[in-house]
Amino acid sequence: MVTMQASSPLLSIRALSTYFQVKETVVKAVDEVSLDIYPQEVLALVGETGCGKSVLALSILRLLPKNSQSEGSIRYKGLEILEASEEELRKMRGKEIGMIPQSQATSLNPLLKVGWQVMEVLQLHKKVGKLEAQESVVNLFSRLQLPDPAKRMNYYPHQLSGGMRQRVLVSMGVACKPNLILVDEPTKGLDAVLRKEVVNLLGEQAAENSSSMMLITHDFSVAAVLADRIAVMYAGEIVEMGSSSGILAKPRHPYTQSLIDSLPGRGFKPIPGFSPSLSLLPPGCRFQPRCRVACPKCASLHPEITETGVNHYVRCLYADRS
Amino acid sequence: MDTTIAVDKSYKKGVVRFVKQDKLLVYSAAVVLIIILIALMAPLIMPHDPTAVSLTEKVNPPSFQYPCGTDPLGRCVLSRIIQGTRTSLVAAAIIVAISGTGGVLLGLISGYKGGLVDSLIMRLVDVLLAFPSIILAMALVVSMGPGLGSVIIALTLVHWTGYARLVRAEVLTLKQSEFVEAARAMGNSSVRILFKYILPNVIAPVIVMASLDIAQIVLSMASLSFLGLGAQPPDAEWGAMINQGREFIRTAPHVTLFPGLALMVTILAFSLLGDSLRDYFDPRLREGYIE
Amino acid sequence: MWRFIFKRLAATILVVVAASILTFGILHLTPGTTPVTILKYAFIGLEEIPTDAEITEITARYKLSDPLYKQYYRWIKQAVQGNLGDSYVYRVPVAELIRLRFPATALLAALSVALSLLIAIPLGILCAVKRNSFFDHLGRISALFAVSMPSFWLAYLLIISFSLGFDLFPVAGFRSVPSLVLPCVTLAAGMGAVTMRIMRSSMLDVMSQDYILTARAKGLYETGVVSKHALKNAFLPVVTVVGLQFGHMLGGSVIVETVFAWPGIGKLLIDSIFAKDIPMVQGCILLIAMTYALVNLLVDLSYALMDPRIRYGRES
Amino acid sequence: MKKRSLSIVLCILVVLLTLSTSGCGTKAVSSGNQTLVVGEMWKINNIDPATNGTLTMEKALITESLVGTKPNFELEPNLATEWKRIAPNTWKFTLRKEVKFHDGTPLNAEAVKWSLMRAITINPQILSFTKIKTVEAENDTTVVITTTTPNSDLPASLHYAGTSIIASSSVDKDGKLIKPIGTGSFKLDQFDPSTGDMKMSKNTQYWGTVSKLDKLEIRALPDPNTRALALEKGEIDFTCDPPYNELERLGKVNGLKVQLDKTARTYIIEMNLNEAPFNDVKVRKAMSYAVDRESIVKNVLFGCGAAAKGPYMPGMAWTNETLKGYPYDPEKAKQLLTEAGWKDSDGDGIVDKNGKPMKITLMTYPQRPGLPPMAEAVQAQFKKVGIDLKTEIMDSTAMTEIASKGKWDMKMSAFATAMIPSPSYHLNILYHSKNNKVIGYNNAEIDKLIDQCMVVDDQKEKYDLSKRVQQILEDEEPVLPIAYYGVATAMKSKVNNFVFNPTAHDYMLTNEVNIKE
């Protein structure tokens, strides 16, 4: 756990909104999100599938498909990403901001050797020769406890197990020692043992490279272990944000509380109903249809995000009540 | 729960919205409909008797009286094209019907039964596909004597293989699916499972293949007639008309151009229909957005 | 790898033999009796009425009165030793005439395949990358037209416009390079269109895969993403289509050779079918079926070479 | 990268291929020595004189037959200077002296024996109409031929191209043909079976006048369109039967000339005389009047042919010029039909007799391009007189097959009338009851006259007998002669001395033909 310095944020996002044009309807996947990430800090972005957390991450690297559009501002080390030229973006991706993609089964090119796919990012940004790149990949693999790395380098993705593929993706993401690593659902689809290994792995890497990390996950327990700060997203909005200890100790937003209650360790109570479709959003508080403590005003008034403690923000009219 | 009903409504609205948007499906279906109408009302809309020979007016260029000009025996090319629509579509319909049902049945059986039956049918399919279908059709037609009848028989014997393979592949995947196992668990006989559970899921791809197949059959029939094996004079069939116009290529190209145009438009319409039907039935191809 | 190839070759031989039995049977259920047809096509001319003496002489000469299975057995026994028998009409060994006529078809087919690939693949990629642009729609529509254009009609359009209009290319025969152009374009049109459409849809499919997103996240140029990662994956479905299309082309060549008087195997086969020159038909069918099977085998092998997941016989 | 290397190899392959094949594209006429390039209408399957004699004798001028024919079909000496019938089954032929084969060996009786015996073993047709049993060499220049049965047409049958003489060096040791070595005005240099091209050069030791042409080239262009195009673009100098509809246009192209001639082949309609209504002579006559022969020749054949009166075209030595024929007269046809009891009682436009309408089928085949359109023209003309005729186009073998089974009405074909230039040959095959059982025509008097005509030796008597048969045939009209088969030859204007010889199968080149620059 790294203590938080009050220096300027590495990444600061202000009122970011991302829309998708699908036939006639416009879908707002990310709605006026603002958050900061400080150097060497791990911010966890927690939410159910479909809440827009992956879209947020992809907006940072501007990797969204052509039918999308982003507004607001994303400043990284003073550079406004939304206005950056394609050339500037290209230099930043992989070198300044690394990404560890979501599904390990499909995120590796099936027809290319895994070693080669990791060397590619090194040769691209670090201007190193083939041999030197090969060497650094081998010790990267060994650092990530990949058994027999020299041999495994020449394997194809289908010849590796799920856990090993996950390690390859991590090594790819951290190869150029980027200052910020976007980690998308690292534990999705892994069994308990592997999940633990990956969590430790990510923790070591963050510490070792002193890089900050944006951890995107639906699993609160992973966020609790790794993150310095946690931001909870629901239907495209941040509903609560604060230090992980603060949120775990005293969750203010009803959705955060029910998320924590649904953890196996805390009684395994599922949240009723479905998260709303992003093209048919309810007028008032978006969690109102599923909120246990909702009252009539919640249905009509859309709450703003307000500070309810030191660096602790909540988007709920009755946050202090629960 | 209100949310479930909402889902169904949006699906129907989705269908209408999809059709409105996918103009290709609408246009191709319209053209196909027009062609079928022409075939049905052939005798009514023909300006002249397609078999009326008037030697003095042979090979006239297109005029008001003969919109598409006349052929080497002075017959109205337009009327023969319209007559040709009927011959081609009726024959194609028969071929698709027989080879379709035959192929689907064999595909169902070989896919579901497996074992010896499956390998027997599949080996037969391999043999039939061992060389291009047009050559097999040619050998059959020559041996049965040229004429529309033998062309229909030949193409039926050749075209069922496509359906059999398609259906067998679908059955193999569906066989493992949960709902088929559930149906079997509930004690349904294999015949009921085939027809009540598996067949409905196979119909969509078969329809897509059928409309693409019609385009292919019309083309094969025209090719066979072009080689002198298909419809015999005085029957009006596009391939034969194109062949008959061969000699007049320089002096009267219209004799060859118009039947060729009709043939191409028909093939285009049915292929387009098949393509857009495939897109319609296979949502994956529609432009969705990332979750 | 070799076990797979051996198994495939064995299956091919079985299929090819079965195909020759099929054609042998078909040609014999014919209304016109074989000796009369042979006499007309080989000796006496179409109109003359063959006398009984002539019919008996030909029947004896080619042992046509034997039961069918015996005739087939005699043919297959010789075929295995490479002797495909003599053609009734040409009265020369079948193998010799096939050896003479095959290069023409092979050259036509090879050039048409090359031409169609050289055009279809770049166009397909362009259409996929510049999706829904004017270029994409133009490409798709012209592909649909090319697919639905009957080859014999397209041949005439080409003849009318090019060899008559502009007097660029000779009309027929296999005598010079220009005479290659029109038949090749006619044959390549259909195949090119289909290949382009498959290339486009497979490119679109690959470009939406997760590993492409990973590649972009690494900071690669878009051209780098396409060439290093997308192309190889997009080629896989195209390879299988090329195999299928090659078979379709063998059929198409029959028509193109007729229109352009191209002395290939296709034309030879048609004439032999008409003249019921059974040994020649059997020889041609054998050759076409084997080429067809060989091409499919080559396609599967190249598929395995390109896709490690299906590398046969390599332990994972 | 594997991909880039693959496409480079592909490009090199394409370039190499194009270079290698460009070598053989040469223009037709090269200055200096004169070459005549001929566009041949039939596929050139093989060049064995025994089976493809018309090509090697009449077109490639490589081989020659013992007996020749004058344009009016009378026989004339060729390789054999004279011949005598010394017994009913034996003939003696004296050979021309100082004639050499292309390989330098002399033409002698032994070579003629070997060549004729080879021809009758390979081609069963030559055996059946020459009826040769033995061929013996009495001395170097005399050949004695015996026949199995008396055959007064033996000399005429030795005019047939299939019997043309080749040297024994034409075949290899196990009898397979290498190259036809004949005595003709040209010798074969090269034959490419894949393209069907033949290249000949002139035979300087030819026994007749040596040709002025240095080289002769024949290219197989079976498609009529292609022949016309090739001629217009100068790829060939001479061709035969371009599309009939283009004759008029080709004639007007400067530098080209077109010639229309008739050959000994007649479009005829045979009928099944065993069945009604064809067994009634009135009906047959009515049908003959109903056919508008002039319109068919003008509109269907584009003037390439002539309306036919009898089986033989005018200009043949034994043609009965006094025949009136059946000029187009639909009224007379209707009148004859009513006389025969065929009236349109139910008003459906089709004549009928005791309740049965006259619905008949006409079969023909597509290999002669004129036949299908002619059939449809006859169909339209019969409809005008109330006969419901259906046409069926099928392969000529299938047509013969169906006719031999007896269930048929009419069939139309283009019958060669002087395959053997003798007044009796065609009549014997088509009208003699024991030869043409299919049409069921049985006229004892006709049979007797034909038999006499075949046996009698005196030329004048033979012609009179043939003419009497032709007159009876016109009265009984068992077969409807429609038109004489026209041959259109198109060539460059600078080709001269080409005289059309009607005895040829299609057209016949001679050593006189040459090119004046």
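What follows walks through the strands, helices, surface patches and salt bridges of a predicted model. Residues are numbered from 1 along each chain as its sequence is written, while chains are lettered from A and ligands numbered from 1 in the order in which they are written. Since the model is predicted, local features need pLDDT of at least 70 and side-chain atom pairs count only at pLDDT 80 or more, with totals for chains, interfaces and linings using all residues, and side-chain values use heavy atoms, leaving out hydrogens and water.

Chain A supplies the strands discussed here. Helices (H or I, at least four residues) and strands (E, at least two) are DSSP runs numbered from the N terminus, and two strands count as paired if DSSP finds at least two bridges between them. In general, strands of a sheet pair through backbone hydrogen bonds, either parallel or antiparallel. One open sheet in chain A has 4 strands in the order 2-1-4-5, with antiparallel pairing. Its edges are strand 2 (25-37) and strand 5 (79-80) of chain A, each of which pairs on one side only. Strand 5 of chain A is held to strand 4 (residues 68-76) of chain A by 2 bridges, the two running antiparallel, and A:R75 has A:E80 in strand 5 as its bridge partner.

Strand 9 (residues 229-234) of chain A sits inside the structure. Buried here means under 20% relative accessible area, exposed means over 50%, and partly exposed is in between (1.4 Å probe, protein chains only). With 6 of its 6 residues buried, strand 9 of chain A is largely enclosed by the rest of the structure. Both of its faces are covered: A:R229, A:A231 and A:M233 are buried on one side, and A:I230, A:V232 and A:Y234 on the other. Strand 9 of chain A pairs in the parallel sense with strand 3 (residues 42-46) of chain A over 4 bridges, and A:A44 stands opposite A:I230. With strand 10 (residues 237-243) of chain A, strand 9 pairs in the antiparallel sense over 6 bridges; A:R229 finds its bridge partner there in A:S243. The hairpin of strands 9 and 10 of chain A has 2 residues between the strands, and A:A235 takes a positive phi near 50 degrees in it.

In chain C, helix 2 (residues 34-44) is largely enclosed by the rest of the structure, because 10 of its 11 residues are buried. Among those buried residues are C:V36, C:I38, C:L39, C:K40 and C:F43. Just after helix 2 of chain C, C:G45 takes a positive phi of about 95 degrees.

Now for the surface. Patches are made of residues with over 30% relative accessible area and no salt bridge, with like charges joined within 9 Å and nonpolar side chains (Val, Leu, Ile, Met, Phe, Trp, Tyr) within 5 Å. On chain B, a nonpolar patch of about 570 Å² is made by B:I36, B:L37, B:L40, B:M41, B:L44 and B:I45. The elements giving two or more residues to the nonpolar patch are helix 2 (23-40) and helix 3 (42-45) of chain B, with the largest share, 3 residues, coming from helix 2. B:L40, placed in helix 2 of chain B, is exposed at a relative accessible area of 59%. On chain A, A:K95, A:K126, A:K127 and A:K177 gather in a surface patch of positive charge. A:K177 lies in the loop between helix 6 (162-174) and strand 7 (180-184) of chain A and is exposed at 52% relative accessibility.

Over all chains there are 55 salt bridges (a side-chain nitrogen of Lys or Arg within 4 Å of a carboxyl oxygen of Asp or Glu). One of them pairs C:K218 with A:E120 at 2.7 Å, N to O. C:K218 is in the loop between helix 9 (210-217) and helix 10 (222-259) of chain C and A:E120 is in helix 3 (residues 114-126) of chain A, so the pair joins two chains. C:K218 is buried at 4% relative accessibility, as is A:E120 at 5%.

Within chain B, B:D71 and B:R80 form a salt bridge whose closest N and O atoms are 3.6 Å apart; B:D71 is buried at 3% relative accessibility, and B:R80 is buried at 2%. Another salt bridge links B:D126 to B:R165, with the closest N and O atoms 3.4 Å apart. Since B:D126 lies in helix 5 (residues 115-128) and B:R165 in helix 7 (residues 148-176) of chain B, the pair ties together parts that are 39 residues apart in sequence. B:R165 counts as partly exposed, at 40% relative accessibility. Back in chain A, a network of salt bridges links A:K28, A:D31, A:E237, A:R286, A:E304 and A:R315.

How values were computed
Areas by Shrake-Rupley, 256 points an atom, 1.4 Å probe, with all protein chains shown as cover. Lys, Arg positive; Asp, Glu negative; His and termini not counted. Charge placed at Lys NZ, Arg CZ, Asp CG, Glu CD.
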